[in-house]
Amino acid sequence: MTTPAPLPPMPPGHWLWGHLPERARDPLGLYLKSRERLGDVVRYRMGYIFVEQLTHPDHVKHVLADANARYTKGTVFDKTRPLVGNGLLTADGDFWKRQRRLAQPAFHRERLAALGARMTDTITETLQTWEPAVASGRPLPVFQEMMKLTLTVAVRSLFGVDVGEHTRAVGDAFTTALSVTNERIISPLPYLPWLYRLPSRDNRAFREAVDTLDSIVRGIISQRRVKGPGAGADEDLLGMLMAASDADTGDTFDDAQLRDEVMTLLLAGHETTATALAWTFHLLEQNPEVEATLHAEVDAALGGRVPTLADLPKLRYVGCVFEEAMRLYPPVWAIPRVPLEDDVVDGYRIPKGDIVILVPYVTHRHPDFWPEPERFDPTRFLPENSKDRPRWAYLPFGGGQRQCIGNNFAMMEAQFVLALVAQRFRLRGVPGVPVEPEPHVSLRPRGPMPMHVERREDRSQVRARTA
């Protein structure tokens with residue numbers, strides 16, 4: 001008779017609640033210390049629920065790629081269904097594969113080129129609104145500013161000119177709906193649709209916000225249908241999705257599926273990028289030598305002009321800065337999965353129905369793959385320094401077949417934001433105001449992250465005036 005594999009080691013916990021109190025108080029500390037003390041496979045008891053933490057790159061690859069058919073996303077993502085419907089975030093199985101196949105071409109790098117000017121125009125407009133903060137010396141709430149900026153970029157990239165006067169309404173409604181959705185996700189209550197139908201203040205606000213979004217989005221889709229096939233196909237993401245067709249079956253998105261994918265893209269392309277950008281500005285302020293190198297590259301590559309997609313290869317260090325910020329503060333800091341059958345990982349039994357969590361925050365600090373893991377060092381991501389690093393040691397956009405479809409979009413947007421800010425400003429922390437991570441749905445900073453905005457003149461502009 002075969003002896004079953006042992007369960008993973010478990011840190012000491014409360015006799016009744018297990019590890020729930022420490023998970024509620026400091027999840028990042030719990031997961032990081034447990035890997036240091038017990039290894040790459042750790043078991044927790046969260047009340048009556050058992051959780052296995054896997055942090056080695058080989059284990060991440062096993063769950064997300066090699067054995068992904070044995071794992072499901074679980075029910076936590078169902079809490080987003082009232083907002084995003086059956087989009088790429090929540091869909092599964094053959095339906096998800098069909099949706100992904102249809103949507104993927106819209107996010108190829110060459111297709112995104114059409115959105116570059118719209119992105120830089122939006123970023124430039126936002127930076128103009130920072131001028132009063134420069135003049136007055138009042139701190140700017142950088143996290144809130146990044147949230148507004150990335151939402152505006154997402155809305156304009158999706159709808160182009162059609163959103164017009166609706167931009168503010170879409171932004172306000174989506175912000176309300178996202179706030180309620182985030183609270184539902186972190187709630188310990190299971191996904192119970194009837195709970196969301198109760199006449200609570202949050203439920204009413206959510207329903208009104210979704211009704212507003214549905215009215216605007218469906219109206220724009222209807223207008224595009226009237227214009228005929230291909231309307232906006234080379235101008236914005238909605239046009240690209242509407243023009244998408246499966247080469248084998250001829251399938252296209254119907255209006256309901258388009259609505260769900262639009263909501264999914266607003267969700268996925270908004271808070272995570274804003275969070276990563278906010279952390280990047282904090283880390284640059286803490287590391288002036290990195291900031292100086294970034295400024296030098298931007299000055300040399302752009303000479304004071306607005307960047308284009310063709311400039312991004314020349315802004316290699318800018319991209320490395322953003323990647324290193326996502327290593328230290330990955331927006332998606334934990335990825336849950338549920339095994340559909342018993343599994344064995346690194347010699348330990350992973351029981352069917354438990355919750356498995358992959359923790360990028362911990363994997364990105366694994367000392368076997370990241371020397372001096374707490375040090376902010378963008379040169380880690382230069383090709384010559386990263387060629388021997390395991391692919392699965394770094395997963396800011398997830399991995400496997402469900403890797404974030406918008407990773408190229410996010411990287412393009414981030415490089416544009418960092419370059420355009422670097423041309424004009426330096427951001428400085430407010431003395432006495434701590435900056436701490438808040439492990440929410442994304443790994444956001446706690447509070448608005450106020451920073452002083454100082455004007456900066458790049459070297460090319462100084463040379464031009466003195467020539």
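Tutor: Lys and Arg count here as positive and Asp and Glu as negative, with His and the chain ends not counted; each charge is placed at NZ of Lys, CZ of Arg, CG of Asp or CD of Glu. This is a predicted model, in which local features need pLDDT of at least 70 and side-chain atom pairs count only at pLDDT 80 or more, while totals for chains, interfaces and linings use all residues. Residues are numbered from 1 along each chain as its sequence is written, and side-chain values use heavy atoms, with hydrogens and water left out.

Student: How far apart are the mean positions of the positive and negative charges of the protein chain?

Tutor: The protein chain carries 57 positive and 59 negative charges. The distance between their mean positions is 2 Å.

Student: How many helices and strands does the protein chain have, and what is its radius of gyration?

Tutor: Helices (DSSP runs of H or I, at least four residues) and strands (E, at least two) are numbered from the N terminus, and the protein chain has 20 helices and 12 strands. The globule rule, 2.2 Å times the number of residues to the power 0.38, is compared with a radius of gyration over C-alpha atoms. For 467 residues the rule gives 23 Å, and the chain comes close to it, so the chain is as compact as a globular protein of that length, with a radius of gyration of 23 Å.

Student: What share of the residues of the protein chain counts as buried?

Tutor: Buried means under 20% relative accessible area, exposed over 50% and partly exposed in between, with a 1.4 Å probe and protein chains only. Of the 467 residues, the buried share is 54%.

Student: Where does Leu241 lie, and is Leu241 buried or exposed?

Tutor: Leu241 lies in helix H12, residues 237-243. Contact means heavy atoms within 4.5 Å, and beyond neighbours within four places in sequence, the contacts of Leu241 include Ala103, Phe253 and Leu258. Since its relative accessibility is 1%, Leu241 counts as buried.

Student: Is Thr308 buried or partly exposed?

Tutor: Thr308 lies in the loop between helix H15 (288-302) and helix H16 (316-328). Thr308 and Ala117 are 191 residues apart in sequence, yet 7.1 Å apart in space, C-alpha to C-alpha. Because its relative accessibility is 38%, Thr308 counts as partly exposed.

Student: What is the phi of Asp346, and what is the relative accessible area of Met449?

Tutor: Most residues other than glycine have a negative phi. Asp346, in the loop between strands S6 and S7, is not a glycine and has a positive phi of about 55°; Asp346 is exposed, with a relative accessible area of 53%. Met449, in the loop between strands S11 and S12, also has a positive phi, near 55°. Met449 is buried, with a relative accessible area of 3%.
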